[in-house]
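Trainee: I am new to this structure. Could we go through it together?
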Amino acid sequence: MRTAEESRQRWETLFTHYQFSSLEELKQTLKSKNHSNPCEDGLRSVCWKAFLLHKSLDRAAWPAQLWDTRAAYSALREHFLKYIEHPDDLPSTADPLAEDDNSPWQSLRQNETIRAEILQDVERCLQENYFFREPTTKRRMLDILFIFVKLNPDLGYRQGMHELLAPVLWSIWQDAIQKDSLDGSNVPSKHDQLFMQTLDSDYIEHDAFSIFCAIMQTAKSFYEHDEMKSVSSRQDGSSIIARSEHIHQVILGSVDPELSSHLQTIEILPQIYLTWVVYPGHRILETD
(Lines give C-alpha, C1' and ligand atoms only; values in the text may rest on other atoms or scores of the structure.)
Protein backbone atom coordinates (compact mmCIF):
# COMPACT_ATOMS: atom_id res chain seq x y z
CA MET A 1 0.00 0.00 0.00
CA ARG A 2 1.01 3.64 -0.36
CA THR A 3 1.06 6.66 1.89
CA ALA A 4 -1.64 9.29 1.44
CA GLU A 5 0.93 11.75 0.09
CA GLU A 6 2.32 9.34 -2.50
CA SER A 7 -1.19 8.41 -3.59
CA ARG A 8 -2.11 12.08 -3.95
CA GLN A 9 0.95 12.72 -6.12
CA ARG A 10 0.18 9.74 -8.36
CA TRP A 11 -3.48 10.79 -8.60
CA GLU A 12 -2.40 14.26 -9.70
CA THR A 13 0.00 12.75 -12.22
CA LEU A 14 -2.78 10.68 -13.76
CA PHE A 15 -5.45 13.37 -13.88
CA THR A 16 -3.58 16.69 -13.92
CA HIS A 17 -0.30 16.01 -15.71
CA TYR A 18 -1.81 13.98 -18.55
CA GLN A 19 -5.20 15.75 -18.66
CA PHE A 20 -7.08 13.11 -20.64
CA SER A 21 -10.45 14.22 -21.93
CA SER A 22 -11.80 10.71 -22.56
CA LEU A 23 -11.13 7.03 -22.04
CA GLU A 24 -10.39 6.70 -25.74
CA GLU A 25 -7.58 9.22 -25.42
CA LEU A 26 -6.18 7.33 -22.43
CA LYS A 27 -6.48 4.08 -24.37
CA GLN A 28 -4.58 5.44 -27.36
CA THR A 29 -1.83 6.79 -25.11
CA LEU A 30 -1.44 3.39 -23.47
CA LYS A 31 -1.13 1.77 -26.89
CA SER A 32 1.42 4.29 -28.11
CA LYS A 33 5.11 3.49 -27.70
CA ASN A 34 5.99 7.17 -27.96
CA HIS A 35 4.63 8.11 -24.53
CA SER A 36 5.29 7.13 -20.95
CA ASN A 37 2.70 4.89 -19.32
CA PRO A 38 0.17 7.00 -17.38
CA CYS A 39 -1.09 3.97 -15.46
CA GLU A 40 2.40 3.11 -14.25
CA ASP A 41 3.24 6.74 -13.49
CA GLY A 42 -0.12 7.19 -11.83
CA LEU A 43 -2.32 4.48 -10.35
CA ARG A 44 -2.88 1.29 -12.32
CA SER A 45 -5.91 0.20 -10.31
CA VAL A 46 -7.61 3.56 -10.95
CA CYS A 47 -7.11 3.07 -14.69
CA TRP A 48 -8.69 -0.37 -14.44
CA LYS A 49 -11.63 1.04 -12.48
CA ALA A 50 -12.08 3.77 -15.09
CA PHE A 51 -12.13 1.27 -17.96
CA LEU A 52 -14.02 -1.61 -16.36
CA LEU A 53 -16.28 -0.14 -13.67
CA HIS A 54 -16.96 3.51 -14.40
CA LYS A 55 -16.40 3.30 -18.18
CA SER A 56 -15.85 7.03 -18.13
CA LEU A 57 -13.44 9.69 -16.89
CA ASP A 58 -16.37 11.71 -15.56
CA ARG A 59 -15.26 11.58 -11.94
CA ALA A 60 -18.42 13.28 -10.73
CA ALA A 61 -20.24 9.96 -11.19
CA TRP A 62 -17.60 7.82 -9.51
CA PRO A 63 -18.64 8.17 -5.83
CA ALA A 64 -22.16 6.85 -6.41
CA GLN A 65 -20.87 4.02 -8.61
CA LEU A 66 -18.29 3.00 -6.02
CA TRP A 67 -20.91 3.04 -3.28
CA ASP A 68 -23.25 0.85 -5.36
CA THR A 69 -20.67 -1.80 -6.27
CA ARG A 70 -19.25 -1.96 -2.75
CA ALA A 71 -22.68 -2.19 -1.15
CA ALA A 72 -23.61 -4.95 -3.59
CA TYR A 73 -20.54 -6.99 -2.66
CA SER A 74 -21.18 -6.51 1.05
CA ALA A 75 -24.69 -7.89 0.55
CA LEU A 76 -23.34 -10.86 -1.42
CA ARG A 77 -20.83 -11.63 1.32
CA GLU A 78 -23.56 -11.54 3.93
CA HIS A 79 -25.76 -13.86 1.86
CA PHE A 80 -23.26 -16.46 0.66
CA LEU A 81 -20.80 -16.52 3.57
CA LYS A 82 -23.24 -16.31 6.46
CA TYR A 83 -23.08 -19.98 7.42
CA ILE A 84 -19.51 -20.43 6.17
CA GLU A 85 -18.32 -17.89 8.72
CA HIS A 86 -20.96 -18.66 11.35
CA PRO A 87 -21.97 -22.35 11.11
CA ASP A 88 -23.45 -22.18 14.61
CA ASP A 89 -26.20 -19.98 13.19
CA LEU A 90 -27.62 -22.88 11.19
CA PRO A 91 -31.19 -23.71 12.25
CA SER A 92 -31.11 -26.01 15.26
CA THR A 93 -34.06 -27.99 13.90
CA ALA A 94 -32.12 -29.09 10.81
CA ASP A 95 -30.67 -32.60 10.93
CA PRO A 96 -26.93 -32.35 10.08
CA LEU A 97 -26.91 -35.98 8.89
CA ALA A 98 -29.89 -35.64 6.56
CA GLU A 99 -29.14 -36.10 2.86
CA ASP A 100 -31.97 -33.81 1.85
CA ASP A 101 -30.83 -31.48 -0.95
CA ASN A 102 -32.81 -28.68 0.68
CA SER A 103 -31.08 -29.11 4.02
CA PRO A 104 -28.88 -26.15 5.03
CA TRP A 105 -26.30 -28.65 6.27
CA GLN A 106 -26.17 -30.26 2.84
CA SER A 107 -25.70 -26.83 1.26
CA LEU A 108 -22.92 -26.07 3.73
CA ARG A 109 -21.10 -29.30 2.85
CA GLN A 110 -21.42 -28.55 -0.86
CA ASN A 111 -20.07 -25.04 -0.31
CA GLU A 112 -17.14 -26.38 1.69
CA THR A 113 -16.32 -28.75 -1.19
CA ILE A 114 -16.32 -25.84 -3.64
CA ARG A 115 -14.11 -23.76 -1.36
CA ALA A 116 -11.67 -26.64 -0.90
CA GLU A 117 -11.27 -26.91 -4.67
CA ILE A 118 -10.66 -23.17 -5.03
CA LEU A 119 -8.24 -23.13 -2.11
CA GLN A 120 -5.99 -25.67 -3.83
CA ASP A 121 -5.28 -23.12 -6.57
CA VAL A 122 -5.10 -20.16 -4.20
CA GLU A 123 -2.47 -21.93 -2.08
CA ARG A 124 -0.25 -22.32 -5.17
CA CYS A 125 -0.76 -18.84 -6.58
CA LEU A 126 2.42 -16.75 -7.02
CA GLN A 127 4.05 -18.02 -3.86
CA GLU A 128 7.30 -16.30 -4.81
CA ASN A 129 5.57 -13.03 -3.90
CA TYR A 130 5.09 -12.42 -0.16
CA PHE A 131 1.71 -10.75 -0.78
CA PHE A 132 0.16 -13.99 -2.02
CA ARG A 133 1.50 -15.92 0.96
CA GLU A 134 -0.40 -13.68 3.37
CA PRO A 135 -3.45 -15.34 5.01
CA THR A 136 -5.53 -12.20 4.38
CA THR A 137 -4.76 -12.33 0.65
CA LYS A 138 -5.63 -16.03 0.44
CA ARG A 139 -8.89 -15.46 2.31
CA ARG A 140 -9.85 -12.60 0.00
CA MET A 141 -9.11 -14.62 -3.13
CA LEU A 142 -11.04 -17.60 -1.78
CA ASP A 143 -14.09 -15.52 -0.88
CA ILE A 144 -14.14 -13.58 -4.16
CA LEU A 145 -13.89 -16.72 -6.28
CA PHE A 146 -16.42 -18.58 -4.15
CA ILE A 147 -19.01 -15.80 -4.44
CA PHE A 148 -18.42 -15.61 -8.19
CA VAL A 149 -19.04 -19.36 -8.46
CA LYS A 150 -22.24 -19.09 -6.44
CA LEU A 151 -23.45 -16.38 -8.82
CA ASN A 152 -22.51 -18.52 -11.83
CA PRO A 153 -23.53 -22.10 -10.95
CA ASP A 154 -23.77 -22.99 -14.64
CA LEU A 155 -20.04 -22.37 -14.99
CA GLY A 156 -18.71 -23.30 -11.56
CA TYR A 157 -15.05 -22.95 -10.70
CA ARG A 158 -12.45 -23.53 -13.39
CA GLN A 159 -8.75 -23.89 -12.80
CA GLY A 160 -7.00 -20.69 -13.81
CA MET A 161 -9.63 -18.23 -12.62
CA HIS A 162 -7.37 -17.43 -9.67
CA GLU A 163 -4.68 -16.37 -12.15
CA LEU A 164 -7.01 -13.68 -13.51
CA LEU A 165 -7.91 -12.44 -10.05
CA ALA A 166 -4.34 -12.31 -8.70
CA PRO A 167 -3.01 -9.24 -10.57
CA VAL A 168 -6.28 -7.39 -9.96
CA LEU A 169 -6.10 -7.91 -6.20
CA TRP A 170 -2.38 -7.09 -6.16
CA SER A 171 -2.84 -3.83 -8.06
CA ILE A 172 -5.73 -2.62 -5.89
CA TRP A 173 -3.87 -3.49 -2.69
CA GLN A 174 -0.69 -1.81 -3.94
CA ASP A 175 -2.52 1.45 -4.71
CA ALA A 176 -4.63 1.50 -1.53
CA ILE A 177 -3.86 4.18 1.05
CA GLN A 178 -2.21 3.15 4.30
CA LYS A 179 -4.42 4.11 7.21
CA ASP A 180 -1.45 4.85 9.45
CA SER A 181 -0.19 7.48 6.98
CA LEU A 182 -3.18 9.67 7.81
CA ASP A 183 -2.04 11.73 10.76
CA GLY A 184 -3.13 15.22 11.72
CA SER A 185 -0.68 16.89 9.36
CA ASN A 186 -1.71 15.19 6.13
CA VAL A 187 -5.40 14.40 6.45
CA PRO A 188 -6.78 15.07 2.95
CA SER A 189 -9.00 18.07 2.41
CA LYS A 190 -12.54 17.96 1.09
CA HIS A 191 -11.02 18.38 -2.38
CA ASP A 192 -9.23 15.04 -1.90
CA GLN A 193 -12.27 13.03 -0.88
CA LEU A 194 -12.68 11.28 -4.24
CA PHE A 195 -9.17 9.90 -4.37
CA MET A 196 -9.49 8.84 -0.72
CA GLN A 197 -12.75 7.07 -1.48
CA THR A 198 -11.40 5.42 -4.63
CA LEU A 199 -8.29 4.12 -2.85
CA ASP A 200 -9.90 3.24 0.48
CA SER A 201 -8.12 0.16 1.86
CA ASP A 202 -11.34 -0.99 3.55
CA TYR A 203 -12.71 -1.89 0.12
CA ILE A 204 -9.80 -3.73 -1.49
CA GLU A 205 -11.78 -6.96 -1.65
CA HIS A 206 -14.96 -5.24 -2.84
CA ASP A 207 -13.24 -3.48 -5.73
CA ALA A 208 -11.25 -6.57 -6.71
CA PHE A 209 -14.49 -8.55 -6.96
CA SER A 210 -16.14 -5.91 -9.15
CA ILE A 211 -13.19 -5.69 -11.55
CA PHE A 212 -12.84 -9.48 -11.67
CA CYS A 213 -16.53 -9.82 -12.58
CA ALA A 214 -16.12 -7.20 -15.30
CA ILE A 215 -13.18 -9.14 -16.76
CA MET A 216 -15.12 -12.40 -16.58
CA GLN A 217 -17.91 -10.96 -18.71
CA THR A 218 -15.50 -11.48 -21.59
CA ALA A 219 -13.24 -14.21 -20.20
CA LYS A 220 -16.14 -16.41 -19.09
CA SER A 221 -16.43 -17.85 -22.59
CA PHE A 222 -12.88 -19.22 -22.24
CA TYR A 223 -14.09 -21.54 -19.51
CA GLU A 224 -17.46 -22.57 -20.89
CA HIS A 225 -17.52 -26.15 -22.13
CA ASP A 226 -19.09 -26.90 -25.46
CA GLU A 227 -19.21 -29.76 -27.89
CA MET A 228 -16.29 -29.94 -30.30
CA LYS A 229 -16.12 -32.36 -33.18
CA SER A 230 -12.89 -33.98 -34.31
CA VAL A 231 -12.38 -36.04 -37.46
CA SER A 232 -12.72 -39.35 -35.67
CA SER A 233 -14.86 -38.64 -32.66
CA ARG A 234 -16.94 -36.23 -30.71
CA GLN A 235 -15.37 -35.00 -27.53
CA ASP A 236 -15.81 -32.36 -24.87
CA GLY A 237 -13.68 -29.29 -25.31
CA SER A 238 -13.50 -25.69 -24.22
CA SER A 239 -13.56 -22.36 -25.98
CA ILE A 240 -10.05 -21.50 -24.85
CA ILE A 241 -8.66 -24.62 -26.54
CA ALA A 242 -10.54 -23.78 -29.74
CA ARG A 243 -9.20 -20.22 -29.71
CA SER A 244 -5.68 -21.41 -28.96
CA GLU A 245 -5.78 -23.82 -31.88
CA HIS A 246 -7.10 -21.07 -34.17
CA ILE A 247 -4.23 -18.77 -33.17
CA HIS A 248 -1.73 -21.61 -33.52
CA GLN A 249 -2.91 -23.08 -36.82
CA VAL A 250 -4.34 -20.06 -38.64
CA ILE A 251 -2.90 -16.82 -37.30
CA LEU A 252 0.59 -17.99 -36.37
CA GLY A 253 0.71 -20.09 -39.54
CA SER A 254 0.15 -17.01 -41.68
CA VAL A 255 2.53 -14.75 -39.74
CA ASP A 256 5.37 -17.20 -39.06
CA PRO A 257 4.79 -20.53 -40.86
CA GLU A 258 8.25 -21.82 -39.91
CA LEU A 259 7.61 -21.37 -36.18
CA SER A 260 4.10 -22.80 -36.51
CA SER A 261 5.43 -25.87 -38.31
CA HIS A 262 8.20 -26.34 -35.74
CA LEU A 263 5.79 -26.20 -32.79
CA GLN A 264 3.53 -28.75 -34.46
CA THR A 265 6.49 -31.01 -35.23
CA ILE A 266 7.64 -31.11 -31.61
CA GLU A 267 3.99 -31.50 -30.53
CA ILE A 268 3.73 -28.48 -28.24
CA LEU A 269 0.05 -27.90 -27.53
CA PRO A 270 -1.08 -24.33 -28.26
CA GLN A 271 -2.83 -23.97 -24.91
CA ILE A 272 0.53 -24.57 -23.22
CA TYR A 273 2.41 -21.64 -24.75
CA LEU A 274 -0.56 -19.35 -25.35
CA THR A 275 -1.32 -18.82 -21.67
CA TRP A 276 -1.66 -15.10 -22.33
CA VAL A 277 -5.04 -15.87 -23.92
CA VAL A 278 -6.32 -17.00 -20.54
CA TYR A 279 -4.15 -14.92 -18.21
CA PRO A 280 -3.74 -11.47 -19.79
CA GLY A 281 -1.01 -9.59 -18.03
CA HIS A 282 -0.69 -12.04 -15.13
CA ARG A 283 2.98 -12.82 -15.60
CA ILE A 284 3.73 -9.56 -17.40
CA LEU A 285 2.56 -7.33 -14.56
CA GLU A 286 5.40 -6.68 -12.14
CA THR A 287 4.66 -7.78 -8.59
CA ASP A 288 7.91 -6.78 -6.94
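Mentor: We begin with a definition: axes are lines fitted to C-alpha atoms, for helices over the stretch in contact, and angles run from 0 to 180 degrees between N-to-C directions. Helices are DSSP runs of H or I with at least four residues, numbered from the N terminus. This is a predicted model, where local features need pLDDT of at least 70, side-chain atom pairs count only at pLDDT 80 or more, and totals for chains, interfaces and linings use all residues. Residues are numbered from 1 along each chain as its sequence is written, and side-chain values use heavy atoms, with hydrogens and water left out.

Trainee: At what angle do the axes of H5 and H11 cross?
Mentor: Helix H5 (residues 62-80) and helix H11 (residues 204-223) have axes that cross at roughly 100° and come within 9 Å. They are therefore roughly perpendicular, a term for angles of 65 to 115 degrees.

Trainee: Which residues of H5 meet H8?
Mentor: Tyr73, Leu76, Arg77 and Phe80 do, and their partners in H8 include Asp143 and Phe146. Contact means heavy atoms within 4.5 Å.

Trainee: Changing topic, where is Ile84 found?
Mentor: Ile84 lies in helix H6 (residues 82-85).

Trainee: And which residues does Ile84 contact?
Mentor: Apart from neighbours within four places in sequence, Ile84 touches Leu108, Asn111, Glu112 and Arg115. Between Ile84 and Glu112 the C-alpha to C-alpha distance is 7.8 Å, with 28 residues separating them in sequence.

Definitions and conventions
Helices (H or I, at least four residues) and strands (E, at least two) are DSSP runs, numbered from the N terminus. Angles under 35 degrees count as roughly parallel, over 145 as roughly antiparallel, 65 to 115 as roughly perpendicular and the rest as oblique.
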